[in-house]
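Colleague: I am new to this structure and would like to learn how its features are read, one at a time. Could we go through them together?

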Amino acid sequence: MDDSHILVVEDDPRLRERLARFLASEGFRVTASGDAAEARARLRAINPDLMVLDVMMPGESGLDLMQSLRTEGQYSDLPVLLLTARGAPEDRIAGFEAGADDYLGKPFEPRELVLRIRALLRRAAPAPASDTPAGPIRIGTAEFDVERGELRDASGTIRLTGGEAALLTALARKANEVLSREEIAEALQMDDSGERAVDVQVVRLRRKIEVDPKEPRFLHTVRGRGYILKPGI
C-alpha cells in the first residue's frame, strides 16, 4: 500500500469527496480542499507528496495557483497533476507551460488517475544508484546529482519541478547522446501529447541551466532528431 500524502484541490464537493474516498481506498493519505485559498493553508500544514489540482475553480484558478506556487521555493518541485474538462492539445500545453507535471482531462477513469499519480511519485523519487553515473555531472557553474535529482550551484539548490528534474535525469543518463522526443516522452511517462510537452519542458529547463536560453551551451536541439545534453564548464 502507498502511504504518500495527496492534496486534492477540487471545487465540486461531490467529485472532491469521491476522489478522496477512492484515493484513500488505494492506500494514499488524502487531504482535500475546495479552493485555492484553502489549498494554500493545507500546503503549509501537511507538506504533501503530490497535488491533484482542478483547473477551473472560482476566484483563483488552478493554473494561477500553480504558477504562484512554482515561484515559491518551498513548492517549486511539488509534483502537480492537473484535472480539467478542457482536453484540447493547446490546453494541455498551456498546463505544462504553467508548471504542471501531468494533465488529465475530465471525465476520467479513476484507475488512470491512480496510475498517473504513481508514475509521478516514481519520477519524484531518487533513482537507484546502479542506474546513475558515478558522481555529479557539471553543467556550467552548477552540478547535477543524478541519483538525487538535485541541481546545485554556489548559491545552493536550484529548484526544479518534477518534470524538469525527470527530463534532466533522462538526458544526464545519456549525456552526449541524442535522445528523440519519443524516447524522452516515454522516459517521462507522458501521454499522446508528450512530444509537444517535451519541447515545453526543454524550454523551462533551459531557463534553469543556461545563461542565455536562446543560445544554449549545454542542452542542444538536434534538428530532426531530438535533444542532447553536453555537460561541461
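Colleague: Is the crossing of α2 and α3 left-handed or right-handed?

Modeller: Please keep in mind throughout that this is a predicted model. Two packed helices are described by the angle between their axes and the distance between the axes. Here helix α2 (residues 36-46) packs against α3 at an angle of about 35°, the two axes being 10 Å apart, and the crossing is right-handed.

Colleague: Which residues of α2 and α3 meet?

Modeller: From α2 come A36, A39, R40 and L43, and they meet L65, S68 and L69 of α3. Sorted by class, this contact has five nonpolar residues, one polar and one charged.

Colleague: What is the order of the strands in the open sheet?

Modeller: Five strands make up the open sheet, in the order β2-β1-β3-β4-β5, and their pairing is parallel. Since β2 (29-33) and β5 (102-105) stand at the edges and each has a single partner strand, one side of each is left without a neighbour in the sheet. From one strand to the next, the twist averages 20°.

Colleague: How many bridges pair β1 with β3?

Modeller: Strand β1 (residues 5-9) pairs with strand β3 (residues 50-54) over four bridges, in the parallel sense, and in β3 the residue V52 is the bridge partner of V8. Helix α3 (residues 62-70) packs on the sheet, where it touches β3 and β4 (80-84), and its direction makes about 145° with that of β3. Across β4 and β5 lies helix α4 (residues 89-98), running at about 145° to β5.

Colleague: Which way do the residues of β5 point?

Modeller: In a regular strand the side chains alternate between the two faces of the sheet. In β5, D102 and L104 point one way while Y103 and G105 point the other way, and all are buried.

Colleague: Is T84 buried or exposed?

Modeller: T84, which has its place in strand β4, counts as buried because its relative accessibility is 1%, and the cut-off for that word is under 20%. Not counting residues up to four places away in sequence, T84 touches V55, M56, Y103, L104, G105 and K106.

Colleague: How many residues does the largest nonpolar core have?

Modeller: In soluble globular proteins, nonpolar side chains tend to be buried together. The largest nonpolar core in this model has 51 residues, and L53, F144, L171 and L229 are those with the most contacts inside it. Helix α6 (residues 162-173) gives the largest share of this core, seven residues. A second, separate core has 17 residues, including L19, F108, I117 and L120.

Colleague: What is L171 in contact with, leaving aside its neighbours within four places in sequence?

Modeller: With those neighbours left aside, L171 is in contact with L179, I184, L205, L219, Y227 and L229. Although L179 and G226 are 47 residues apart along the chain, their C-alpha atoms are separated by 5.5 Å. Again leaving aside neighbours within four places in sequence, L179 is in contact with A170, L171, K174, I184, R225, G226 and Y227.

Colleague: Which residues does a cis peptide bond join?

Modeller: Most residues other than glycine have a negative phi, and most peptide bonds are trans. In this model a cis peptide bond joins K106 and P107, with omega about -5°, and P107 lies in the loop between β5 and α5 (110-124).

Colleague: Where does N47 lie, and what is its phi?

Modeller: N47 lies in the loop between α2 and β3, and its phi is near 50°, a positive value in a residue other than glycine. N47 is exposed because its relative accessible area is 54%. N176 is also a residue other than glycine with a positive phi, near 70°, and N176 is found in the loop between α6 and α7 (181-187). At 52% relative accessibility, N176 counts as exposed.

Definitions and conventions
Residues numbered from 1 in each chain as written. Predicted model: local features only at pLDDT ≥ 70, side-chain atom pairs only at ≥ 80, totals over all residues. Heavy atoms only, no water. Core = buried A, V, L, I, M, F, W, Y, C linked by side-chain atoms within 4.5 Å. Buried < 20%, exposed > 50% of the residue type's maximum accessible area, 1.4 Å probe, protein only. Helix = DSSP H or I, 4+ residues; strand = E, 2+ residues; numbered from the N terminus. Contact = heavy atoms within 4.5 Å. Pairing = 2+ DSSP bridges. Axes fitted to C-alpha atoms, helices over the stretch in contact; angles between N-to-C directions. Left-handed = near helix turned anticlockwise from the far one by under 90°. Nonpolar A, V, L, I, M, F, W, Y, C, P; charged D, E, K, R; others polar.
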